[in-house]
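Reader: I would like to learn how to read a few features of a fold. Please take them in turn.

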Amino acid sequence: MRFGIRTIDEFDVKDKIVLCRVDINQPVDREKGTLKSTARIEACVPTIKELSEKGAKLVLMAHQGSDIEYKNFYTTEPHSKVLSQLLGKEVQFIPDVCGPAAIEKIQSLNAGEILLLDNVRFVSEEQTLFEQKLCLSHEEQAQTLLVRRLAPLADLYVCDAFAASHRDQPSLCGFEQVLPSAMGRLFEKEYCVLSELMEAPERPCTFVLGGAKIADAFLMMETVLNASVADHILTGGLVANILLAAKGEDIGKGSMDFILKSNYGEYIDKAKVIYEKYQDKIVLPTDLAYTEDGVRKEAKIGSIPEQAGLTDIGADTSAAYQKYIRESKTVFVNGPMGIFEEEATEYGTKAVWEALGDTEAYTVIGGGDSITATTKYDKTAAISYICTGGGALIRFLTGEELPVVKALRHGAGITKE
Ligand code: 3PG
């Protein structure tokens, strides 16, 4: 038991039907019917391998895309092929979630065999819009079709989907109400590393917050400042531009119009309050970059041209941020410093990732763009911990108990008759 949650060490899974919820949600190439990345699939291989090698009859449940972000809403069939390759053994697939075909298939599994069910979100009760509209309690989730159909077949529920642990959906929170439950190895690693890090980070502890996910960034900033976890917050991207505007700096009409047009105006007022309270901890850029006809230009704060579209931090700011990162003992990064996909505006992000690569600090990164930047700048081996979760990581950092963590704690008290 760790953090009130049981681990798979506590169960003998031989010949037992184990329902395991994984997060193997990846960008999809619909035309080719393939996945554009396999990073999340690779991350949950240790749990799947261990359970199968210990003789479990293993049933994997996963979502792919969502009803909210439809472009990746897809079958999990390609995932079974990738998993089979990674494991070096067949992962069977069935185009069903909890209908008679899936039930029959589950009942016919032999020890060590692995079955991946189709996208759980093909069942309406699993959809994110359903979650948000109905707000079912965990007890009510145990009454859904998915749980009523599959739980009676199983001996144990394992959740290895830390990246989806902020979701309150039956495949994530319903089974723990009726089945003995444990976290998988990836969940254990993600949740325990982050919990320990947040409880007692080695100091100085620096957060680097950039990108354009404003609501998430401000939520995170407030939380780590109020909880006195962060000693410094280095800001980049749109997050920095909003804070600069809140401080009363002239960021140019072009950038200001962009903030207002994107409906981020309310964050300027929010930023004013946060900045006033924590100006000794929040570090703002002293120079910024923009492009003119594709050519990179830089300007100091105070002399930003009226129509400049700000797309990166400047060279002085980049050097200052590198120094902070190299002098820290813990560094947490979420979001790039600018549009790092383009050569003219990647300087700041590249500089931050260079420092992440050679600092002696314990480094943690999370979020899709940060993972992409880590791959682009070839720093995967140098980062101490890469979290598979984006939204889940942010919710975790707010200090609120994640729905899946709550459910797994409940499940720790359930025994099978
Ligand atoms: C993610 O991609 O962050 C997780 O797989 C959760 O996906 P969701 O935001 O569609 O629930």
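Author: Buried means under 20% relative accessible area, exposed over 50%, and partly exposed in between, with a 1.4 Å probe and protein chains only. This is a predicted model, in which local features need pLDDT of at least 70, side-chain atom pairs count only at pLDDT 80 or more, and totals for chains, interfaces and linings use all residues. Residues are numbered from 1 along each chain as its sequence is written, and side-chain values use heavy atoms, without hydrogens and water.

Reader: Which residues of H15 are buried?

Author: Helices are DSSP runs (H or I, at least four residues), strands likewise (E, at least two), numbered from the N terminus. In H15, the buried residues are Gly348, Thr349, Ala351, Val352, Trp353, Ala355 and Leu356. They pack (contact: heavy atoms within 4.5 Å) against elements including strand S9 (205-209), helix H14 (315-327) and helix H16 (368-376).

Reader: At what angle do helix H11 and helix H12 pack?

Author: Axes are lines fitted to C-alpha atoms, for helices over the stretch in contact, and angles run from 0 to 180 degrees between N-to-C directions. H11 (residues 237-247) and H12 (residues 253-261) pack at about 105 degrees, with axes 11 Å apart. H11 is therefore roughly perpendicular (65 to 115 degrees) to H12. Leu238, Asn241, Ile242 and Ala245 in H11 meet Met256, Phe258 and Ile259 in H12.

Reader: In what order do the six strands of the open sheet lie?

Author: Strands pair if DSSP finds at least two bridges between them. The order is S11-S10-S9-S15-S16-S17, with parallel pairing. Strand S11 (282-283) and strand S17 (385-386) are at the edges, each with a single partner strand, so one side of each has no neighbour in the sheet.

Notes:
Parallel < 35°, antiparallel > 145°, perpendicular 65-115°, else oblique.
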